[in-house]
Amino acid sequence: MSQSKEPNLQESDIPESVARRRMIKSFGWFALAAAVPFGVYEWVTHSPGAQGIRRPLRKILDANEQVARTYFSDTHLVPTFSVEAAAKQARVNGYDGIKTPIPEDWTLQIDRPNTESLALTIDEVKTLPKHEIVYEFKCIEGWSQVQHWGGVRLSDFMEKYKLGTRSGNAPNPGNTDDLFKYVGMETPDKGYYVGIDMESAMHPQTLLAYELNGQPITAPHGAPLRLIIPVKYGVKNLKRIGRIFFADERPRDFWAERGYDYYVGL
Ligand SMILES: Nc1nc2c(c(=O)[nH]1)N[C@H]1C(S)=C(S)[C@@H](COP(=O)(O)O)O[C@H]1N2
Ligand SMILES: [Mo]
């Protein structure tokens, strides 16, 4: 992540996990510098910068990001719990983009390249197979809670409506080149918005959720439909989805714009 993008962050504003990751990153550089012969060090320090980071190091960081992305493939599931373990009263946090009443004419708008956008009702979304998950929801501010959510898999949804691909075909794991790199989501009023890497969006535990504890989601939790993405911190779990779109450029992201890590994976 480019340091220059961060708006006047105080060190005390940086969440512990981010600070820790930064520390690990800088320690990694130190270890690297200690390990490489001087000639290599010279080459590294005299290369032109890329995003403020010297190029050979930038390559190493990109490789690390690649490893992180692969990590969130189907084979890595977050731990799940029994329904009884879920909190009876789920905590509420964050009202950006949901301060106004839910629009009466709410539909889920899906932008598709080279074809007209879709507008789906909640009943249409519910026609897909329902999945439930009980897992530990984690907020970057430092709290977590075991919660029980129900909805449809985002990957099933993308399959059914042939979304997320350049070709307009259903996503094919064997042809990842056809997939856009990111999914963008925003509230109907655009007051909150997130960008999600495609691997995490297609993860089998990622849901378009319409139920919490077996009941329709209430307004403060993101009715009528929200994102539940267990491989990410709470910030990415957008409440009250209004629009979904696909892009190769990172979609804008509310908390990344405010200095948090864009990826915020667990
Ligand atoms: N629309 C919207 N979605 C949002 C937020 C928000 O402010 N607005 N906050 C995020 C954060 S920081 C967290 S931790 C979770 C909290 O979800 P909850 O209120 O259902 O616990 O929602 C996320 N999604
Ligand atoms: Mo959060």
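Residues 24 or more positions apart account for 68% of the contacts in the chain with a separation of 6 or more, where contact means heavy atoms within 4.5 Å. This is a predicted model, in which local features need pLDDT of at least 70 and side-chain atom pairs count only at pLDDT 80 or more, while totals for chains, interfaces and linings use all residues. Residues are numbered from 1 along each chain as its sequence is written, chains are lettered from A and ligands numbered from 1 in the order in which they are written, and side-chain values use heavy atoms, with hydrogens and water left out.

The chain has 6 helices and 12 strands; helices (H or I, at least four residues) and strands (E, at least two) are DSSP runs, numbered from the N terminus. Of its 266 residues, 45% count as buried, a word that stands for under 20% relative accessible area, with exposed meaning over 50% and partly exposed in between (1.4 Å probe, protein chains only). The chain exposes about 14300 Å², and carbon and sulfur atoms supply 54% of that area; accessible areas come from the Shrake-Rupley method with a 1.4 Å probe, and for residues only the protein chains shown count as cover.

We turn next to the ligand. Around ligand 1 there are 19 residues, of which Arg-91, Asp-96, His-221, Arg-226 and Lys-239 come nearest; a residue belongs to this group if one of its heavy atoms lies within 4 Å of the molecule. By class, this shell has 9 nonpolar, 6 polar and 4 charged residues, where Ala, Val, Leu, Ile, Met, Phe, Trp, Tyr, Cys and Pro count as nonpolar, Asp, Glu, Lys and Arg as charged, and the others, Gly among them, as polar. A polar side-chain atom of His-221 lies 2.7 Å from an oxygen atom of ligand 1, and for Arg-226 the corresponding distance to an oxygen atom of the ligand is 2.6 Å. An N or O atom in the side chain of Lys-239 is 2.5 Å from an oxygen atom of ligand 1. On its own, ligand 1 has 530 Å² of accessible area, and the protein covers 98% of it.

Another place to look is Lys-232, which sits in the loop between strand S11 (226-228) and strand S12 (243-247). Lys-232 counts as buried because its relative accessibility is 2%. Its side chain is joined to that of Asp-197 by a polar contact of 2.9 Å; a polar contact is a pair of N or O atoms within 3.5 Å, and within protein one must be able to donate a hydrogen and the other to accept it, with residues adjacent in sequence counting only if both atoms are side-chain atoms. Leaving aside neighbours within four places in sequence, the residues in contact with Lys-232 include Asp-197, Tyr-263 and Val-264.

Asp-197 itself is found in strand S8 (residues 193-197), and it counts as buried because its relative accessibility is 3%. Beyond its neighbours within four places in sequence, Asp-197 is in contact with Lys-181, Tyr-182, Lys-232 and Tyr-263. The C-alpha atoms of Asp-197 and Arg-250 are separated by 8.2 Å, although these residues are 53 residues apart along the chain.

Some backbone features also deserve attention. Most residues other than glycine have a negative phi, and most peptide bonds are trans. Val-264, in the segment after S12, has a positive phi near 30°, and at 1% relative accessibility it counts as buried. Asn-213, in the loop between strand S9 (207-212) and S10, has a positive phi near 50°, and at 28% relative accessibility it counts as partly exposed. A cis peptide bond, with omega about 0°, joins Ala-223 and Pro-224, and Pro-224 is found in the loop between strand S10 (215-216) and S11.

Aromatic rings complete the tour. A search of the whole structure finds 8 aromatic pairs; rings of Phe, Tyr and Trp (its six-membered ring) pair if their centres lie within 6.5 Å, and planes under 30 degrees apart count as stacked, over 60 as edge-to-face and the rest as tilted. Tyr-135 and Phe-137 form a tilted pair, 6.5 Å centre to centre with 50° between the planes. The rings of Phe-254 and Trp-255 have their centres 5.2 Å apart and their planes at 80°, so this pair is edge-to-face. Phe-254 counts as buried at 7% relative accessibility, whereas Trp-255 counts as partly exposed at 26%. Ring pairs link Tyr-192, Tyr-193, Phe-254, Trp-255 and Tyr-260 into a cluster.
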